[in-house]
Amino acid sequence: MIRKVFLKSVLVTASALALASCGGGSPVESGNIILHRGNTAEPLSLDPHKASGTWENHIIGDMFIGLFTEDANGAPVPGMAESYEVSEDGLTWTFHLREASWSDGEPVTASDFVFAWRRIASPATGAQYVSLLYPIAGMEAATRGLAPVENIGVRAIDDSTLEVSLENPAPYLPGLLTHYTSFPLPQHVVEQYGDEWVRPANIQVNGAYRLEDWRTNNFVHLVRNDTFFDNDNVCIDDVYYYPTVDNSAAGRRVRNGELHINNNFPGQQLDFLNREIPDYVRIAPYMGTIYFSVNTTLDGFSDPNVRNALGMSIDRHFIADEILRAGFQPAYSLVPPGVNGYPGGVSAQWADTPIEERREQARALLEAAGFGPDNPLQFEYTYRATGDNPRIAPVVQNDWSAIADWVQPQLIVNDTQIHYDNLRANDYQVADGGWIADYNDAYNFLFLGEYRSVPMNYSRYNNPEYDAMVTAANQELDETLRGSMLAQAEQMLVDDMPIIPIVYYVSKNLVNPDVVGWEDNIVDIHRTRYMCLASAMEDAAE
């Protein structure tokens with residue numbers, strides 16, 4: 001039996017109608033409609049196969065469209081796919097593509113997807129994030145150099161028909177296919193320019209915006225792509241992305257009218273912002289977790305009791321309530337609440353124990369592992385320079401030092417890009433980090449514990465029993481049973497504590513009320529194509 005799904009070519013929402021009233025984004029009084037967005041950090045790359053951060057996703061997702069994309073509410077909606085069919089066993093998906101072109105006028109074809117997915121599968125590409133695509137048949141073997149990239153489960157039946165074969169059923173596939181790792185690439189451009197294809201003078205895109213300029217540590221400037229298939233419903237002509245590492249300074253730029261949007265603000269400033277610019281403050285549930293990684297390849301940290309000792313001594317309630325505020329919740333599991341098809345109920349066994357008693361238990365565990373006055377536990381805790389992380393660092397340092405005076409953490413701060421590079425390279429001891437879901441499924445968190453997911457498995461956690469349970473769960477077609485099996489796997493992960501959950505995220509944005517089309521959503525993805533400026537709409541109406 002074949003299940004066939006037809007997709008609407010244009011999602012009509014109140015915000016889309018507002019954009020249409022703006023005349024499709026035509027210039028207002030001979031000037032362009034310009035949006036200025038604060039964006040956390042400097043992109044390491046705008047190549048979808050080289051990127052790995054949410055700040056890069058914000059830009060790349062404005063320039064490229066995959067088989068699916070996000071609507072203004074962050075939900076998967078039609079992208080390049082107009083319809084698709086799924087085999088009864090859930091292993092074969094056939095996509096029928098819409099008619100669309102690259103920004104140079106060349107058609108986007110199924111072969112562009114095949115080319116892109118083979119490129120990301122090639123070990124020579126060095127894609128850090130390729131493990132996200134391991135549900136595609138043959139992808140893992142190809143990335144490890146065990147099979148040719150031509151063997152992966154993707155083929156172009158014709159220019160407008162793409163067939164994808166999976167290793168296991170993946171009901172979450174539409175959400176996964178919104179991610180930039182699955183985007184098509186302009187084969188004719190990449191083959192001509194190689195890694196230089198993403199330079200502003202060379203790049204061609206199939207999304208709403210194309211790259212006009214990129215000035216390192218200053219801004220990324222995108223302009224409207226007139227060949228985009230839904231260009232008539234785009235309002236903003238130019239969007240500038242700024243690397244706003246200092247959120248306090250970015251907040252001042254928002255208040256001064258220099259930025260329309262900044263995608264974070266210090267929790268300590270919440271009361272001030274609610275007094276000064278209450279209409280700008282946007283706080284919403286967010287499908288993500290702040291956690292610490294412990295390098296399990298190092299002596300001492302290979303012991304789960306040592307890792308648990310570090311985990312149980314952290315006062316998460318103080319971090320959530322006094323440092324981060326804004327609705328952050330203490331986390332005792334990796335997967336946050338509210339994930340589709342997941343029963344939850346996973347927690348560290350010591351979660352309900354009072355913090356002072358937990359620290360006594362931590363001291364006993366460390367002493368049993370051989371640490372003490374004559375063998376102090378000395379380690380580096382590395383953290384990101386952005387957001388509230390510098391405020392959290394001394395708090396956890398004090399928490400660990402409270403175990404005993406022979407527990408001696410040293411604080412090391414790094415720029416965000418360098419920090420994550422070090423995590424992927426296994427060049428750290430204990431480090432902070434965060435994971436924001438790429439799609440709404442528990443596996444998008446739990447794959448971080450699979451050994452095959454190194455280097456995204458920063459801790460290098462290696463538990464064959466865990467890996468086998470996750471694999472078996474992903475072969476299960478019964479959604480309830482699959483969720484239960486994934487929860488069993490997560491309990492293993494939490495008990496072993498290679499990842500120390502700290503708090504569940506909320507999204508914190510500052511958005512000028514002049515921006516229309518912004519919708520708070522659980523994935524905190526806000527594509528510029530859905531936005532406009534109310535002041536520009538008023539000018540256009542006059």
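**Burial, backbone and core: how the terms are applied**

Colleague: What makes Arg460 count as buried?

Modeller: Arg460 has a relative accessibility of 13%, and buried means under 20% relative accessible area, with exposed over 50% and partly exposed in between (1.4 Å probe, protein chains only), so Arg460 counts as buried. This is a predicted model, in which local features need pLDDT of at least 70 and side-chain atom pairs count only at pLDDT 80 or more, while totals for chains, interfaces and linings use all residues. Residues are numbered from 1 along each chain as its sequence is written, and side-chain values use heavy atoms, with hydrogens and water left out.

Colleague: What makes the backbone of Arg460 worth a remark, and where does Arg460 lie?

Modeller: Arg460 has a positive phi of about 60° although it is not a glycine, and it lies in the loop between helix 14 and helix 15; helices are DSSP runs of H or I with at least four residues, strands are runs of E with at least two, and both are numbered from the N terminus. Most residues other than glycine have a negative phi, and most peptide bonds are trans. Pro455 is in the loop between helix 14 (443-446) and helix 15 (464-474), and the peptide bond from Val454 to Pro455 is cis, with omega near 15°.

Colleague: Why is Asp524 called buried, and what is its phi?

Modeller: The relative accessible area of Asp524 is 8%, so it is classed as buried, and its phi, near 55°, is positive in a residue other than glycine. Asp524 sits in the loop between strand 19 (515-516) and strand 20 (532-533).

Colleague: How do you know that Ser507 is buried, and which residues does Ser507 touch?

Modeller: Ser507 has a relative accessible area of 3%, and is therefore buried; it belongs to strand 18 (residues 499-511). Leaving aside residues up to four places away in sequence, Ser507 touches Arg282, Ile283, Ala284, Pro285, Tyr286 and Asp524, where contact means heavy atoms within 4.5 Å.

Colleague: What makes a set of residues a nonpolar core, and which members of the largest one touch the most others?

Modeller: A nonpolar core is a set of buried Ala, Val, Leu, Ile, Met, Phe, Trp, Tyr and Cys residues joined through side-chain atoms within 4.5 Å. The largest has 174 residues, of which Leu67, Phe95, Trp117 and Trp400 touch the most other members. Not counting residues up to four places away in sequence, the contacts of Trp117 include Leu67, Ile136, Met139 and Phe183.
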